[in-house]
Amino acid sequence: MIAAATETNVIPFGAGALAFIGLYLLSMIGIGWLGMRAKEENSLRDHFIGGSGVGFFVLVLTLFATQYSGNTILGFSGKAYRIGFGWLTCVHFMTAIVVTYLLFAPKLFKLAKKHAFITPTDYLAHRFNHRGLNLLATLIMVASLMNFYLAQLTAMGRAVEGLTTLDPETAFLWGVVVLAGIMLVYENMGGFRAVAWTDMIQGGVLALGFLVLLVLIFKEYGSMEQTTRTLMQIAPEKVLPPKAPEVRSWISYILLLGVGAALYPQAIQRIYAARSARTLRKSLAVMAFMPLCTALIAVLVGVTAAAHLAGELQGASSDAVLGVMLRHIQEQSTFGYALVVIIFAAILGAIMSTADSTLLSMSSMVTKDLYMGFVRPDASQASLTSLGKWISTLFVIVLAALAVWLNNSGTKLTLVELLEMKFDMLLQLAPAFMIAIHWQRMRAGPVFAGMLCGLVFALLFFWVPAKGDGFLTLLKNSGFHPGIYGLLLNIIICVTGSWIVNLRSKT
Amino acid sequence: KRPHNYLSWWIWAVYALLAGISIPWYWSAEDTRMVLGFPLWAVVSVFGSLAVSCFTAWLFVCRWPDDEEE
């Protein structure tokens, strides 16, 4: 979720391990076929939301697998390797995502069931009936998901790079093409059901992978006390409490990701897809504990590596720290080798389960909110569903080609910057979802103006120089993300604008 | 009986208190105390996060707004 570089450094797998991974991937297509057989009708709601909804077990695992991407394991452990215990902030911002659902999930679920919402924009259309706002919100969500999907495709390519004896560029190309192809096949066959059911397997393997990882680091590198004392001697700044600028960064991350990731369109669509309020509330209650079972383990892996593999990796390549640790374990025994295969399957599952949900969500918004909303409002459900599958195919072809091109041209920096900007953009949807759902007198015009100004203000920071004494430079270096400032401006415009409009309509 | 409401002031006061405990703003930058093999500030932060998780799960399971039970 945080970094895009996710190369693995494990020893290339043998025929047995590759056959296991191959069977695991082919089982996804089998699930796609089962999803196709379970289809109730040829409609957008059936394809993108799964008809009448999913039960507790499927919902909790699809929420888990969608929310926790490959970078939760690789990126978080890499970041903890770089900054030490200070990256415990990731446990808090992953928890904050679930806390944020308190603000809007109950009311949104009720409205979604009553009015048969399919996309997040359906709620905005119902609440505001403002075409400009629908268009702006949809474009923000699609743009955010496009770069998120691009990052997942890049992660797929990097994960495969270290596994085969092919040269890295060829391995990257085949990794992206084969994995994205499998994902597209099962998604177009079974729609939301296929995605949610494969998430169930991928979420299960991911949970198992984290458990195996926890056991392995204690078995391989000794007690945590030993690790902490070693780290205290070689890099005390990775153990001592964070200083004031880092504390500001903690608060900013908790706000940015806590609110931003709760507004992921694919996460909102999972609220719509819950079979009942009881199913949703039980699933969210379980999700509240997931950061302690996943993000915390990733931090422990990174901290352990910082103590025992100090200096082996620098800069962006430190995201490969898990790969280096796995290689050490792989060399020890056949049992260690088998466990590494399980962890690798978990990483692949984490990447694919996040990517397939992202793809389905993008396709649903382009089909329903853009094509049906602005081009052909009278199109039949069957033709829209068919169009949705073609749009998914187009997204995969274009973004896979872009991922391969970016990899070959060595353009990694832009991708990381885009990833950071994704949450700055999504955050601007917060007033429309979290305030307007409670405050009925919030007006469409001010919400549109606030969203647009907040977005422009947040993106403006991309071009503000990092050095100098200007006001914007001061804000940029304050430790808070630009999206937070954009959101403040956004809320001021929304609230004062609505207040003025309401006052005028009274007089 | 009034329905439960997640916007109640006391809920967010509890969250503010737990965030105040969990975010390590009040520790001396030179604090080297350890407990359970971890830095003390990190243990307090993780237990703060556990408290947030427990409180959130309780709100979802036991205090779901009554009128929000299709």
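1. In this predicted model, 33 residues of chain B are in contact with 37 residues of chain A, two residues being in contact if their C-beta atoms, placed from the backbone, lie within 7 Å. The elements of chain B that give two or more residues to the side touching chain A are helix H1 (9-22), strand E2 (38-39) and helix H2 (40-62), and H2(B) provides the largest share, 13 residues. Helices (H or I, at least four residues) and strands (E, at least two) are DSSP runs numbered from the N terminus. By class, this side of chain B has 22 nonpolar, six polar and five charged residues, where Ala, Val, Leu, Ile, Met, Phe, Trp, Tyr, Cys and Pro count as nonpolar, Asp, Glu, Lys and Arg as charged, and the others, Gly among them, as polar.

2. A remark on conventions: residues are numbered from 1 along each chain as its sequence is written, while chains are lettered from A and ligands numbered from 1 in the order in which they are written. Because the model is predicted, local features need pLDDT of at least 70 and side-chain atom pairs count only at pLDDT 80 or more, whereas totals for chains, interfaces and linings use all residues.

3. The pLDDT, which is the predictor's confidence in each residue from 0 to 100, averages 84 for chain A, with 91% of the residues scoring at least 70. Over residues 1-7 of chain A the pLDDT is below 50, although this stretch has 38 contacts in the model beyond near neighbours in sequence. Where pLDDT is low, the predicted coordinates should not be read in detail.

4. Chain A has 22 helices and zero strands, and its C-alpha atoms fill a box of roughly 75 × 60 × 45 Å along the principal axes. Its radius of gyration is 23 Å, which agrees with the value near 23 Å for a compact globule of 507 residues; the radius is taken over C-alpha atoms, and the globule rule is 2.2 Å times the number of residues to the power 0.38. Among contacts in chain A between residues at least 6 apart in sequence, 85% join residues at least 24 apart.

5. Of the 507 residues of chain A, 56% count as buried, a residue being buried if 20 or more other C-beta atoms lie within 10 Å of its own, exposed if 12 or fewer, and partly exposed in between. Helix H11 (residues 265-273) of chain A is mostly covered, with eight of its nine residues buried, among them A:Ile268, A:Arg270 and A:Tyr272.

6. Helix H5 (89-115) and helix H12 (residues 277-287) of chain A pack at an angle of about 175° with their axes 11 Å apart; axes are lines fitted to C-alpha atoms, for helices over the stretch in contact, and angles run from 0 to 180 degrees between N-to-C directions. H5(A) and H12(A) are therefore roughly antiparallel, the term for angles over 145 degrees. The contact involves A:Val98, A:Tyr101, A:Ala105 and A:Phe109 of H5(A) and A:Ala277, A:Leu280, A:Leu284 and A:Met287 of H12(A), giving eight nonpolar, no polar and no charged residues.

7. A:Gln67, in helix H3 (residues 56-67) of chain A, counts as buried, with 26 C-beta neighbours inside 10 Å. Not counting residues up to four places away in sequence, A:Gln67 touches A:Ile97 and A:Ala267.

8. A:Ala116 lies in the loop between H5(A) and helix H6 (120-128) of chain A and is exposed, with 11 other C-beta atoms within 10 Å. B:Leu36 is found in the loop between strand E1 (34-35) and E2 of chain B and counts as exposed, with 12 C-beta neighbours inside 10 Å.

Terms used:
Parallel < 35°, antiparallel > 145°, perpendicular 65-115°, else oblique.
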